[in-house]
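Subject: Structure handover

Hi,

Here is the structure I promised to send over. My notes on it follow below, so please have a look whenever you get a moment.

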Amino acid sequence: MDFNIIAPMPVSEVELIASNIPEDDHPDWDSAATYDQGVRVISTLSHRIYESLVDNNQGHDPLGDDGSHWLEISATNRWRAFDQRRSNTAKQADRITYSVVPTQDCDAIALFGLTAGTVRIEVWDGAARIYDQSFAMADTGHVVSAYTWFFGGVVYARQKVLNGFPGYIGHRIDITIDATGAMAEVGHIVMGRNNLLGRVRNRPTVQFVSHSRKGYDDFGNEILVKRGSTRKVDLSLLVPTHQAQRVMDIVAEVDGLATAFYVSGDAPSFGIEGLGFVDDHSQPIDVAGESVFPLILKTLK
């Protein structure tokens, strides 16, 4: 198995040129309006939602506020697909569409937190469509017996990773997330360059990490506080020693960014796929030929 990381490119107003999700979650902030406590507004400059913390809130721009008048809630619905979180999903009835013109070479895309029957990726060079692929999101991995085949219902995959399409600078990439008859959702989209780091050695581990906690009510009774979960992926890579600097540069490039990682090859992924960040990366160098690089990644909620 080969281990890959997608180095994410920025997606701002420059790159995102169109979407069918309107940016109308709440009224746009108006300097002349007066807001009571709890009222929410948006800023189309920051693409964020803000909630008023006080009554008679007038003339205080959320963008320059020090937290005295406004609480930042989240990205607006349109921009939640690019806010480095997968649990805060963008939603639209039937389908979601995004049109992105990359400002750097982009040959890979990963979508997380999906609710969709199909995902379609199109690439346009001017008026010419040069790439068009649709992917059914039904997940047959949940079929483990004849009973589940006939009666288990349809289970849909929550993420999709693909690479190798011609997303050069200036091309338009159209993304369609289709859930006809239901609410289409996507948690986060990573677009950028695909980087093969090395071969995965045997016995990688994927650890389930629960963030739920045990608490107590006023009478001392135990209660469970559900807080979701993440995964920790611990693996070692075989890398030609002469490529050590390349691997170190790639890890440094994605530090602190929501990064897509996955394995490619003939073997199954075994759960080594997700949206996360590099938590630790050692660099023991074997000058004889190949070096073993331990790597730890943690997924994001």
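Ile 73 counts as partly exposed because its relative accessibility is 31%; here buried means under 20% relative accessible area, exposed over 50%, and partly exposed in between, with a 1.4 Å probe and protein chains only. Before going on, please note that this is a predicted model, where local features need pLDDT of at least 70, side-chain atom pairs count only at pLDDT 80 or more, and totals for chains, interfaces and linings use all residues. Residues are numbered from 1 along each chain as its sequence is written, and side-chain values use heavy atoms, leaving out hydrogens and water.

Ile 73 sits in strand β7 (residues 70-75); strands (E, at least two residues) are DSSP runs, numbered from the N terminus. Together with Leu 53 and Leu 71, Ile 73 makes a nonpolar surface patch of about 200 Å². Patches consist of residues with over 30% relative accessible area and no salt bridge, with nonpolar side chains (Val, Leu, Ile, Met, Phe, Trp, Tyr) joined within 5 Å and like charges within 9 Å. The areas come from the Shrake-Rupley method with a 1.4 Å probe, and for residues only the protein chains shown count as cover. A salt bridge is a side-chain nitrogen of Lys or Arg within 4 Å of a carboxyl oxygen of Asp or Glu.

Now for the backbone. Most residues other than glycine have a negative phi. His 47, not a glycine, has a positive phi of about 60°, and Asn 56, also not a glycine, has one of about 55°. His 47 lies in the loop between β4 (40-43) and β5 (48-52) and counts as buried because its relative accessibility is 9%. Asn 56 lies in the loop between β5 and β6 (57-58) and, at 63% relative accessibility, counts as exposed.

Which strand is largely enclosed by the rest of the structure? That is β19 (residues 259-264), because five of its six residues are buried. β19 pairs with strand β1 (residues 2-8) in the antiparallel sense over five bridges; two strands pair if DSSP finds at least two bridges between them. Ile 5 has Phe 261 of β19 as its bridge partner. β19 also pairs with strand β20 (residues 274-281), in the antiparallel sense over three bridges, and Thr 259 stands opposite Gly 276 in β20.

Lastly, the rings: Trp 79, Phe 82 and Tyr 98 form one aromatic cluster. Rings of Phe, Tyr and Trp (its six-membered ring) pair if their centres lie within 6.5 Å, and planes under 30 degrees apart count as stacked, over 60 as edge-to-face and the rest as tilted. By this rule there are five aromatic pairs.

Best wishes

Conventions. Helices (H or I, at least four residues) and strands (E, at least two) are DSSP runs, numbered from the N terminus.
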